[in-house]
Structure formats: structure tokens, C-alpha cells
Amino acid sequence: RRNLHLLSHDQVELAKMLLNEGQGHLFEHWPEPGVDDDKKKNFFDQVCRLNSSYPGGLAAYIQNAKKLLADSKAGQNPYDGFTPSIPSGEVLTFGDDNFVSLEAAGVKEARNAAFVLVAGGLGERLGYKGIKVALPRETTTGKCFLQHYIESILALQEASCKMEGECHTKIPFAIMTSDDTNALTIKLLESNSYFGMEPSQVKILKQEKVACLADNDARLALDPNDKYKIQTKPHGHGDVHSLLYSSGLLEQWKNTGRRWVLFFQDTNGLLFNAIPSALGVSATKGYNVNSLAVPRKAKEAIGGITKLTHVDGRTMVINVEYNQLDPLLRATGHPDGDANCETGYSPYPGNINQLILELGPYIEELKKTHGAISEFVNPKYTDSTKTAFKSSTRLECMMQDYPKTLPPTAKVGFTVMDAWLAYAPVKNNPEDAAKVPKGNPFHSATSGEMAIYRANSLILRKAGAQISDPVVSTFNGQEVEVWPRVTWSPRWGLTFKDVKQKVHGNSSVSQRSVLVINGRNVVIDGLSLDGALIVNSVDEAEVKVTGHVENKGWIIQHVDHRDTSEKEETRIRGFKFEKVEQLEVNYTEPGKHCLSP
Ligand code: UGB
């Protein structure tokens with residue numbers, strides 16, 4: 001009370017609120033006025049930030065925390081009253097007529113889309129020090145995830161505008177960062193000229209952390225190293241909804257004719273193989289919410305899409321997070337819990353957290369909720385009395401929980417695609433990946449890169465080219481298939497139709513080969529490749545690649561993840577290339593060219 005004169009009017013109100021909410025301990029140790037006054041003011045600046053960045057303010061946060069902590073102590077299951085069952089959704093088969101026509105519908109719609117990348121997580125599980133979007137998607141070209149994402153959005157923009165006969169649409173791209181990733185993300189963009197995107201197309205939204213909770217009464221935790229600071233931790237990717245709402249971006253997008261918002265995560269190098277067809281599904285089915293899914297191995301660390309039916313008759317199709325699916329199934333008459341069925345997969349498709357929301361209904365819903373997403377708390381108790389925590393906890397939220405508040409009339413669907421085509425995240429460090437049960441995906445930097453080569457090889461095969469079978473090799477304790485190292489720029493092979501038009505059946509690539517295609521109008525016709533070939537060309541050039549190319553190529557060398565003489569991004573994948581010999585051709589002039597060695 002004696003320190004109140006240090007505060008502004010709003011801060012005094014906040015102080016009163018904190019006292020009302022049982023937070024007096026935050027000031028108990030405060031000395032008399034004149035001592036540490038600057039620190040006291042800084043403390044209230046932080047309280048203001050915590051208050052304004054949470055829908056409903058800090059009072060709402062404390063009240064929500066009290067309720068969730070009480071439920072957790074009482075052992076209340078958030079799924080009490082719900083019975084899970086297998087949902088039905090759209091199942092797509094890569095390359096068939098339906099897939100090709102959905103891709104065309106999706107490309108057409110892309111000019112009405114906006115993309116949102118959630119990239120506030122540091123990736124503790126991966127054990128990589130930098131930001132994950134700066135990691136190479138594959139090390140043949142070394143292009144990072146962010147570059148690939150931007151080039152893919154630009155390729156969609158170009159193709160979509162061309163289809164609709166216009167040239168002015170710029171697809172907006174928002175990136176959610178956090179204090180952990182913000183500065184490095186901006187630096188990566190600025191030092192690479194936004195990878196070719198206009199800087200005005202990109203909007204950065206930084207999420208704030210939330211206050212930590214010290215006990216079951218939701219008393220806010222002070223930072224152990226600074227008694228004038230509230231300890232904070234990340235709130236989760238669910239923050240993206242309130243940030244999009246409060247920033248005004250959604251209204252802006254609506255006013256410029258956007259119809260779809262596509263959310264995606266930081267390290268899925270295959271995702272854009274799935275975007276055109278999935279957007280096509282949203283557009284043709286009129287889905288308000290469309291989640292992308294892949295067949296999921298039981299116990300795989302990705303959420304399961306589940307139909308939940310409540311005793312009161314309510315139903316919803318929603319992600320059940322991987323740590324909750326098994327107990328939910330066991331509690332509802334499935335003694336084996338989360339188990340594979342006769343297909344070798346869990347009957348609950350795996351959520352890959354790629355959501356496509358229809359903008360109009362999304363804005364209407366957010367006007368009601370202001371983007372607040374159903375939260376959960378996960379305290380680690382010291383013992384079974386559940387009276388004290390081992391360390392402070394906080395409320396968390398997930399972006400895929402958005403449909404939980406929707407009315408039953410909302411059109412919520414999902415689209416299942418092959419994992420080889422659509423999903424290869426980089427999440428696990430080498431040691432944890434090597435412990436993944438046999439047959440389950442590693443989700444490591446090793447598997448993430450090898451998955452790119454496998455997908456591209458399989459796509460070329462489906463287009464008619466002869467691609468040699470892979471060999472099996474072990475890197476960092478993980479057994480993976482090594483396919484020819486085929487990679488291309490998004491503007492070359494945005495859809496399967498594009499690839500098919502540019503690859504003729506009389507071409508072949510041997511297992512030890514490397515093929516890099518970097519240019520829009522490169523046609524592979526009668527090529528027989530046994531070595532390394534890199535084709536670079538300007539968009540105005542038309543290049544035919546034909547004939548037999550043979551050289552010593554690139555050799556894959558094993559790298560031990562403990563070898564500190566190697567760069568971190570090399571160590572986490574467990575291999576690197578020795579570039580012994582290659583043919584690299586550069587077409588810089590417009591016109592027709594033919595590579596025929
Ligand atoms: N992220 C943020 O932007 N802010 C945060 O505070 C936290 C994360 P993780 P997770 O598809 O593979 C999700 O940690 O949360 C970003 C789904 O919940 O990689 O364990 C972060 O930068 C799960 O259902 O994943 O699991 C990253 O881009 C399943 O779908 C993204 O959020 C799984 O992803 C995800 O963060 C999956």
C-alpha cells in the first residue's frame with residue numbers, strides 16, 4: 001500500500017485485482033518506498049504485459065488456473081462422459097484422378113488463402129540450439145525450412161494467379177514467434193531478402209509467455225533469480241488464434257478477399273506436397289475446419305483424430321493428444337488402449353497439425369471467444385497427495401483445440417494422406433530417435449531428410465520414371481531407406497500434374513544418384529542418370545534434359561552425433577555428402593536449351 005504512489009492508475013487497479021485474487025505474496029517482501037523503486041515499476045510493467053496478452057486479462061488467467069488445478073487435483077479427466085470412436089474423413093490416394101482434380105481445385109483457391117506458420121517453439125526435444133526453421137530441409141541443396149515454405153507459397157501464388165488470369169495477388173504469410181525465436185527469425189528473413197517474398201507480405205506476431213503457478217491455489221510464482229519478476233513459461237501453439245484476432249490481421253485478410261487460413265508447423269518438409277489437394281478438399285466440401293492427418297502408428301507421439309460422443313448426445317471430431325488417447329481408450333472399454341489394428345496402424349488417424357480454416361466462420365467464432373482456446377494444466381506433483389508441485393507449472397493450449405468451442409452445425413472434417421507424401425517432422429534428438437520402437441517413425445533430422453528423397457523418388461516413379469530401389473543404411477542408430485537424392489524447387493513440381501508434364505517415362509535414376517532441379521521449365525526426357533546432376537535455369541528458359549549422365553557423384557559419409565568437430569546440423573542427421581564429381585549446368589538465358597551430354 002505504501003508503494004502505490006509509484007504506479008499509474010491502471011497499475012493500481014491491477015494491484016487491487018492481484019490482492020483480490022490471493023496474490024498478496026507477490027509484494028510481501030517489498031521494502032519501504034525509496035528502496036528498489038525502479039524494480040517495483042518494472043515488476044508492474046511485466047504485470048501489464050501479462051495482463052494485456054491474455055484474453056480476459058490476468059484475472060481470467062488466475063481464475064482459469066484455479067479451476068483447472070482443482071480439477072487436476074481431483075483427478076478429473078477432461079474426457080469424462082465422452083466415448084471415443086473411429087471418425088470418418090476424406091482419404092486421398094496420391095496421383096489418382098480424384099487427387100489430381102483436388103490439387104487443381106486447391107491451386108485455384110490458393111490466391112484466396114493466407115498462411116500462418118507457428119514457430120515459437122524452441123524444440124527442446126531436438127536438442128538443437130538455433131531456431132528450427134533455419135535448419136536445412138535437406139542437405140543436398142542446403143535450403144532451410146523457411147526458404148522452402150516461402151518458395152512453396154510463392155509457387156502457389158504464381159500458379160493460382162496464372163490459372164485465374166491475374167497477376168496482382170500476394171498471398172499473406174504470418175509467422176508466430178516467441179521471445180525464444182523472434183530475433184533469429186527476423187534475422188534469417190532479413191539476411192536472405194525474405195527468400196524472394198515481398199517483405200510487406202510477411203507479418204510477425206510474437207506470442208508472450210504466461211505466468212507460472214506455484215501451487216494449487218494458483219499463486220503466481222516469482223522468478224527464483226529475481227524477486228521482482230514473475231516466472232513465465234510458453235503457453236503453447238494455441239496462442240496463434242488470439243494473436244491473429246487481436247492483431248486485426250484476420251479482418252484485414254477478410255477485407256482483401258481472403259477465404260482460407262492455413263496453419264502449419266516449423267519442420268515438416270513434406271507438407272506442401274499435401275497443401276494443394278487438402279485445400280481442394282476444403283473448397284469442394286465446404287469445410288469450416290479441415291485437419292490434415294496421416295495413418296498413425298499406435299503410441300506415435302502425434303495426436304489422434306477421434307470422434308467423441310458425450311453421454312448428453314454431443315459429438316465432435318477432435319484431436320486427442322498422444323498422452324491422453326491411450327488412457328481414454330482404456331477407460332472406455334478398450335483394454336489394449338492405443339493399439340494397431342489389422343492394417344498395422346492405429347484406427348485413429350494422426351493429426352499433423354496442419355489446419356485449414358474458412359476465414360468467415362473463423363472470424364465470427366473469434367468475435368465470441370477473442371481467440372481463447374480451451375486450456376489444460378499438467379503439474380508434476382511431489383507425491384500422491386497432490387498438494388505440492390516439483391516445479392512451477394502453467395496453463396497451456398493447443399491450436400488444434402480450436403474446434404472444441406464450435407457449434408454442432410460447424411462443418412468440421414479431416415483429410416488423410418499417405419505419411420510418405422505429407423509428413424516428416426524433425427522433432428527428436430538422435431539418442432531419443434534411436435530408442436523409438438521398431439517400425440515407428442523416428443521424427444528426427446535423419447528421417448526428415450531421407451523422407452524428402454523417398455517422397456520425390458516415389459513421385460517421379462508414379463510419373464513414369466524408373467527410379468532404383470533404395471538401400472537400407474543406419475545413421476545415428478536409426479535404420480532408414482536411402483533413395484536417390486532427388487530434390488526440386490517448388491516452382492518446378494508444385495502438383496503431381498506439373499511433375500507428370502515434365503517427366504517422361506523413358507528416364508531413369510540410379511540409387512547412388514543425386515538430381516537437383518532448380519528452374520520452372522526443365523523437362524526430363526530420356527535421361528539416364530548414374531551420378532550427380534544439378535540443373536539450374538532461369539524461369540524464361542526451356543530446358544530439355546536427355547541422354548546418359550555418368551560421373552563419380554556424391555558419396556554419403558557417416559557422422560557420429562557425438563563428433564563435436566562437425567556442425568550441429570550435420571551431427572543431428574548423422575551423415576554428410578562428399579561431393580566427388582558432378583555435372584552442374586546453368587541456363588541463364590531465355591529460350592530453348594537441350595542438355596545432351
Ligand atoms: N509452438 C509455438 O509456436 N509456440 C509454443 O508455445 C509451442 C510450440 P511441437 P507438439 O504434428 O507432429 C504437436 O512441440 O506440441 C510451435 C501437436 O500438438 O513440435 O508436441 C512449434 O514451433 C500434436 O497433436 O509439437 O505436438 C511447432 O511449430 C501433433 O500433431 C509447433 O508449435 C504434433 O504436433 C508444434 O510444437 C505433430
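These questions and answers walk through a predicted model of one chain. Local features need pLDDT of at least 70 and side-chain atom pairs count only at pLDDT 80 or more, while totals for chains, interfaces and linings use all residues. Residues are numbered from 1 along each chain as its sequence is written, and side-chain values use heavy atoms, with hydrogens and water left out.

Me: What pLDDT does the chain average?
Reply: pLDDT is the predictor's confidence in each residue, from 0 to 100. Here 100% of the residues score at least 70. The chain average is 95.

Me: How many helices and strands does the chain have?
Reply: Both are DSSP runs, numbered from the N terminus. A helix (H or I) needs at least four residues, and a strand (E) at least two. The totals are 16 helices and 30 strands.

Me: Is Tyr-194 buried or exposed?
Reply: Tyr-194 sits in the loop between helix H6 (182-190) and strand E5 (202-206). Buried means under 20% relative accessible area, exposed over 50%, partly exposed in between (1.4 Å probe, protein chains only). Tyr-194 has 16% relative accessibility, so it counts as buried.

Me: Where does Lys-386 lie?
Reply: Its phi is near 55°, a positive value in a residue other than glycine. At 23% relative accessibility, Lys-386 counts as partly exposed. Its place is the loop between strand E15 (375-377) and strand E16 (395-397).
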